[in-house]
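Trainee: I would like to go through this structure with you. Could you show it to me?

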Amino acid sequence: MNTDGLMEMSFYSATARRRASQLVDPGTFSELLAPNDRLVSPHLPELGEAVSFDDGVVTGVGRIGARPVFLISQEGRFIGGAVGEIHGAKMVGIFRLALQAYETILDREGRVPEERRPAILISFDTGGVRLHEANAGLLAHAEIMDMIQETKGKIPVISLIGSKVGCFGGMGFVAAATDVIVMSSLGRLGLTGPEVIEQEIGKEEFDASDKSLISRTTGGRHRYIMQDCNVLVDDTIRAFRRAVEEILALPYEEICHYRRIGTYPLVQEQMALVQQAAELMPGDSMDVWRCYGNDEPELLPEWELSEFLCAVRRRPKEVP
Amino acid sequence: MALNHLEFSYDGVAGASIPADWSHSGVVGSGDMEVLLTRKAQGGKVVVKVCTPVCGFDQVWDKVLAHFVAESGCGDLVIEINDNNATPFIVSLRLQQALSEARGGDLQ
């Protein structure tokens with residue numbers, strides 16, 4: 001099989017399983033709780049809804065160089081990648097394994113060498129809680145947030161967002177709590193999804209069929225300008241993989257500087273943003289882009305990514 | 001309301017199974033399905049287990065599956081399908097893809 005060709009493949013249209021296996025060194029990916037384990041949702045059959053042998057998430061472990069990399073890759077085509085009981089438990093299980101790997105190295109060697117420090121990658125493709133099993137899904141979100149706190153000071157957690165559904169609902173919070181967010185221009189990140197906003201407030205407020213509007217409001221380029229996304233890459237598995245390698249090559253302390261929330265100064269920075277939004281009263285994302293010094297904001301979505309990255313003016317960071 | 005579990009059995013070709021113990025293919029998207037193939041020596045028999053939200057299409061399943069087993073010349077297999085409203089054409093296509101991936105063909 002020609003793996004090079006697969007790496008050039010669009011991240012956006014790749015299945016969860018392919019994303020997971022291609023993000024680590026060739027031949028090193030082992031899926032855990034694979035379809036063969038037939039761990040399907042206990043709730044969906046009661047509702048007459050189709051089940052999947054992996055419950056919509058691929059979990060496993062691989063290597064990048066000498067580093068053990070623990071992967072979570074969601075499949076948006078199965079119920080919008082929504083997180084149910086099994087799906088969430090599999091995610092939590094990966095966090096536990098990664099932390100165990102860290103503790104094992106620490107116990108055995110007294111320290112964790114940077115090049116072998118375990119890492120967690122989450123390839124999001126989800127609308128958040130699976131409403132068919134809402135309580136279990138919400139609980140899973142809470143558990144995952146707990147696990148992310150457990151990783152702090154130990155192992156990096158990197159979010160990859162560039163799949164069809166994007167990353168919305170409770171999983172938007174989860175992504176925000178990770179150390180680094182990598183997106184493509186096609187990636188979308190937010191809390192309330194476009195369709196939900198339209199349903200709740202009306203089409204005049206937010207037209208969910210307006211793809212350009214959605215992209216301007218939740219898309220990778222907007223998130224990059226706002227500093228919600230740390231690294232913006234092309235829509236190929238290879239580009240995501242390269243970004244992950246570059247991030248993991250940094251010492252852990254430096255990776256932690258990518259965090260967008262989680263310290264008092266960062267909270268103050270977010271509060272200043274709220275204040276700024278209240279003063280600016282933007283009617284569209286482009287008003288905000290202009291305010292950060294992009295004189296022709298309407299051109300920003302049109303440019304090739306390389307041109308965009310050269311020319312764009314991002315929100316100035318107050319916390320270095 | 002509950003999901004339908006259908007089971008079919010066909011006479012296939014003895015020894016015409018897949019190289020690995022099992023192989024998985026496909027995604028349970030809307031109008032799509034996944035296939036889990038498991039190697040099992042059972043005198044050439046092919047057992048198919050279908051889990052689907054759709055009612056009343058047992059005979060269509062039977063025809064499509066019988067045709068697949070005869071056409072592909074497979075055997076000694078357990079085929080498990082999680083279906084989400086796939087049409088008969090998609091079912092045929094996904095089964096062919098599953099078998100060719102299991103036998104090391106190029107991915108899709």
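Trainee: Is Gly15(B) buried or exposed?

Mentor: In this predicted model, where local features need pLDDT of at least 70, side-chain atom pairs count only at pLDDT 80 or more, and totals for chains, interfaces and linings use all residues, Gly15(B) is exposed, because 9 other C-beta atoms lie within 10 Å. A residue is exposed at 12 or fewer such atoms, buried at 20 or more and partly exposed in between, with C-beta atoms placed from the backbone. Residues are numbered from 1 along each chain as its sequence is written, while chains are lettered from A and ligands numbered from 1 in the order in which they are written.

Trainee: Where is Gly15(B) found?

Mentor: The loop between strand 1 (4-11) and strand 2 (22-26) of chain B holds Gly15(B). Strands are DSSP runs of E with at least two residues, numbered from the N terminus.

Trainee: And which residues does Gly15(B) touch?

Mentor: Leaving aside residues up to four places away in sequence, Gly15(B) touches Gly75(B) and Asp76(B). Contact requires C-beta atoms, placed from the backbone, within 7 Å.

Trainee: How many residues of chain A are in contact with chain B?

Mentor: There are 15 from chain A, in contact with 17 residues of chain B.

Trainee: Changing topic, what is the strand order of the open sheet in chain A?

Mentor: Its 7 strands run 1-2-3-4-5-6-7, with mixed pairing; two strands pair if DSSP finds at least two bridges between them. Strand 1 (30-32) and strand 7 (231-233) of chain A are the edge strands, each pairing on one side only.

Definitions and conventions. Contact = placed C-beta atoms within 7 Å. Helix = DSSP H or I, 4+ residues; strand = E, 2+ residues; numbered from the N terminus.
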